[in-house]
Amino acid sequence: MLLPAAQPRFRGITHIFIDCDDCLYQNGWATARRITQSIGAYTATLGDRAYQLYKEHGTCLKGLLVERILDEAGAEEFLTEVHKIDYSEIEPDARLREAPCWVFTASASEHAARCMGIIDTRARRIEEQTE
C-alpha cells in the first residue's frame, strides 16, 4: 500500500502499473529531451530522415527497423547507446518506495533500471517486444 496515512487518496490501492519515461518520474520532459537529443546524435548521418522515420512509424527505432537500416542486434545497440544520458534531473520519490508497482517500457532495460534505482522503488520491469 502506498503510504495510506500520508496519501489518503491512495487508500486501497495495492498495485501500480506505470510507464517509465515522465510517468514513473516527472520532470517536465527534461530526461525525454535528453533522450531525443541522444537519438538525434546517434542518427545524425540520416539527417532529417530520422524525424521522418519517427513521423511515419511512430518511433524512430521502429522506422529504422522497418526500413532495414537496423537489424535486431542493431536495435539493442541503438537503445543502449541513446540512453547513455545524464539522469541528474530524476529525483527519489518516497511515495513510490513502498508501492508494489510494475514499470512498462519499450526502452533499454538498463534505462528503466537506472530510473528505478534513482527513484528508489521496488518496481519490477515489464519489457515490451519490438516488432
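Predicted model: local features only at pLDDT ≥ 70, side-chain atom pairs only at ≥ 80, totals over all residues.
**Charged side chains on the surface and in salt bridges**

Asp 71 is exposed, with a relative accessible area of 52%.

Other charged side chains pair up instead, and the structure holds five salt bridges. One of them brings together Glu 89 and Arg 34, at 2.5 Å from N to O. These two come from distant parts of the chain, 55 residues apart: Glu 89 lies in the loop between H5 and helix H6 (94-97), while Arg 34 belongs to helix H2 (residues 30-42). Glu 89 is partly exposed at 34% relative accessibility, and so is Arg 34, at 24%.

Arg 49 turns up in two of these contacts. With Glu 56, Arg 49 forms a salt bridge of 3.4 Å (N to O); with Glu 67, the N to O distance is 3.0 Å. The pairing with Glu 67 again links distant parts of the chain, since Glu 67 is in the loop between H4 and H5 and Arg 49 is in helix H3 (residues 49-57), 18 residues apart. Glu 67 counts as partly exposed, with 36% relative accessibility.

Finally, back to Arg 34 and Glu 89: salt bridges with shared partners tie Arg 34, Asp 86 and Glu 89 into one network.

Technical notes
Residues numbered from 1 in each chain as written. Heavy atoms only, no water. Buried < 20%, exposed > 50% of the residue type's maximum accessible area, 1.4 Å probe, protein only. Salt bridge = Lys/Arg side-chain N within 4 Å of Asp/Glu carboxyl O. Helix = DSSP H or I, 4+ residues; strand = E, 2+ residues; numbered from the N terminus.
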